[in-house]
Amino acid sequence: MANRLFKGQKQFKVVTIEECLSCKLKMKRPFKINDYVYKEGEVCQKCGTKMIISAIYKEELKY
Ligand SMILES: [Zn+2]
């Protein structure tokens, strides 16, 4: 089964926020294994600087 349902339980997804320290661009993407805060992220699409992961948090899934 691809979709497992947990009755009566809230479901969460984990998101990672990457932030560019140069131009302050913030990008939200799904959490990936081995992500951690202050790790180098992807290259900023706006100014080309390496972004860093500034936050990782759980988001409640909405239906
Ligand atoms: Zn930037």
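1. Helices (H or I, at least four residues) and strands (E, at least two) are taken here as DSSP runs and are numbered from the N terminus. On that basis, the secondary structure of the chain comes to zero helices and four strands, and reading along the sequence gives the pattern β-β-β-β.

2. Some conventions should be kept in mind. Residues are numbered from 1 along each chain as its sequence is written. The model is predicted, and local features need pLDDT of at least 70, side-chain atom pairs count only at pLDDT 80 or more, and totals for chains, interfaces and linings use all residues.

3. The four strands form an open sheet in the order β2-β1-β4-β3, with antiparallel pairing, where two strands are said to pair if DSSP finds at least two bridges between them. Because β2 (26–30) and β3 (40–43) each have a single partner strand, they stand at the edges, and one side of each is left without a neighbour in the sheet. From one strand to the next the twist averages 40 degrees, the axes being lines fitted to C-alpha atoms (for helices over the stretch in contact) and the angles running from 0 to 180 degrees between N-to-C directions. As background, strands of a sheet pair through backbone hydrogen bonds, either parallel or antiparallel.

4. Strand β1 (residues 12–19) pairs with β2 in the antiparallel sense over five bridges; within this pairing, T16 stands opposite R29 in β2, and V15 stands opposite P30 in β2. The two strands form a hairpin with six residues between them, and K24 in the turn has a positive phi of about 70 degrees.

5. Within it, I17 has A55 in β4 as its bridge partner.

6. The pairing of β3 with β4 is antiparallel over two bridges, and the bridge partners in β4 are I52 for E40 and K50 for V43. Between β3 and β4, which form a hairpin, there are six residues, and G48 in the turn has a positive phi of about 85 degrees.

7. On burial, a residue is called buried if 20 or more other C-beta atoms lie within 10 Å of its own, exposed if 12 or fewer, and partly exposed in between, with C-beta atoms placed from the backbone. Of the 63 residues of the chain, 8% count as buried. Strand β2 is hardly covered, since the count of buried residues among its five residues is zero.

8. For contacts, the criterion is that the C-beta atoms of two residues, placed from the backbone, lie within 7 Å. Among the contacts in the chain with a separation of 6 or more, 48% are accounted for by residues 24 or more positions apart.

9. Where does L61 lie, and with which residues is L61 in contact? L61 is placed in the segment after β4 (50–60), and, leaving aside its neighbours within four places in sequence, L61 is in contact with Q11, F12 and K13. L61 and K13 are 48 residues apart in sequence, yet their C-alpha atoms are 6.6 Å apart in space. L61 counts as exposed because it has 9 C-beta neighbours inside 10 Å.
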